[in-house]
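Open the model in your viewer and keep the selection tool at hand. This tour goes stop by stop, with one thing to select at a time.

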Amino acid sequence: MERATVREVTIAPRVTMPRLGFGTFKLNDAAATAVLAAAIDAGYRLFDTGDRYGNEPEVGRAVRGSGIPLEEFVVATKCYGPAGYDAVRRAFDASAQRLGVDRVDLYMLHWPREDPDETRGAWRAMEELLAENRVRAIGVANHGIADLERLLRHATVPPAVNQIEVHPWCAREEQRVAHDRLGIVTQAWGPLGRGRGLLASAGVLSAIGAKHGRTAAQIALRWQVQLGLVPIPKSADPRRMAENLDVFDFELDAGDLAEIARLDTGQLVGPVRAPW
Ligand SMILES: NC(=O)c1ccc[n+]([C@@H]2O[C@H](COP(=O)([O-])OP(=O)(O)OC[C@H]3O[C@@H](n4cnc5c(N)ncnc54)[C@H](OP(=O)(O)O)[C@@H]3O)[C@@H](O)[C@H]2O)c1
């Protein structure tokens, strides 16, 4: 298959990231190294990991050992918690060491904090890492609108990205509109509904796919790209890796978009708040 041309999105001054990336949650077994090499081979250049995923060493080794200049990759990782200034500084150092890099492209707080002091301290640490050029962009994940507003009250640099659960079955429109208003790029985690049978029962997506000669997964991902999101699907299967990346040479029309909008039940698959 010819390699798809992935478009880019600007997330910070002089920092761009591919419009579609590779998720690595649960890729922490013996096969992870081969899976990551296959993803690089398929053309993925944005890799999403986290200090909780247990695979930062594998992700780091894969990109550093690929023979492709490190500058061509965007490696994103996250600080799971607990937060606060010192904890974030320590977590960052540990992540950078595990990844084997001096500088991380995108560093995110994995979950919002209820405690305003923790929030303020955590974000101050993020801004310092940016000022020290140890990260190229800073962001958050799983932050609701109120969480973002709380953080922005004290932020000098706003988050470049909020990584949230989004897929056709939970489209998060209000949240996405807030991101647009605040100039935050939406990364979509679980973009395929986390492989919990949603795609298999996706008659609407399959029917739209048949019209375009595409799979249901490609329709879900194309929908996200057209909405201006950055989906980060995970697949351990090289054929599906290529399939998921190959969504940049067709367009969903207004009728397709209206049908997909009807799938939105607002039901999240993952947790709303931090699981601790
Ligand atoms: N910030 C957060 O709190 C958070 C939470 C969850 C996830 N994430 C990030 O988001 C990434 C993606 O989310 P996710 O991994 O939970 O779910 P996902 O990408 O929506 O779904 C992955 C599942 O879909 C299957 N799949 C992949 N491509 C497919 C295709 N073309 N057709 C049919 N099935 C396909 C995969 O199976 P195979 O592997 O067998 O192909 C896997 O079971 C994660 O890996 C992680 O990096 C972040």
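Start with V135. With a relative accessible area of 1%, V135 is buried, because buried means under 20%. Keep in mind that this is a predicted model.

Now show the secondary structure around this residue. V135 belongs to strand β7, which covers residues 135-141. L268 and V135 are 133 residues apart along the chain. Draw a distance between their C-alpha atoms: the separation is 30 Å.

**Either side of β7**

Select N133. It is in the loop between α4 (116-131) and β7. Check its backbone: phi is positive, about 65°, although N133 is not a glycine. Most residues other than glycine have a negative phi. N133 is partly exposed, with a relative accessible area of 45%.

Go on to N142. This residue lies in the loop between β7 and α5 (145-152). Phi of N142 is positive too, near 60°, and N142 is not a glycine either. Is N142 buried or exposed? It is buried, at a relative accessible area of 10%.

**The ligand**

Now select the ligand. It sits in the largest pocket.

- D48: a polar side-chain atom lies 2.6 Å from an oxygen atom of the ligand.
- A236: a polar backbone atom is 2.8 Å from a ligand oxygen.

On its own, the ligand has 900 Å² of accessible area, and the protein covers 85% of that.

**Last stop: S235**

S235 is in the loop between β10 (230-231) and α9. Its relative accessible area is 6%, so S235 counts as buried. Now follow the side chain of S235: it reaches the backbone nitrogen of D237 at 3.1 Å.

Technical notes: Residues numbered from 1 in each chain as written. Predicted model: local features only at pLDDT ≥ 70, side-chain atom pairs only at ≥ 80, totals over all residues. Heavy atoms only, no water. Polar contact = N/O pair within 3.5 Å; in protein donor to acceptor, adjacent residues only side chain to side chain. Areas by Shrake-Rupley, 256 points an atom, 1.4 Å probe, with all protein chains shown as cover. 1 Å grid on protein atoms, 1.4 Å probe; cavity = no way out; pocket = protein on both sides within 12 Å on 5 of 7 lines; lining within 4 Å. Sits in = over half its atoms within 2 Å of the grid points. Helix = DSSP H or I, 4+ residues; strand = E, 2+ residues; numbered from the N terminus. Buried < 20%, exposed > 50% of the residue type's maximum accessible area, 1.4 Å probe, protein only.
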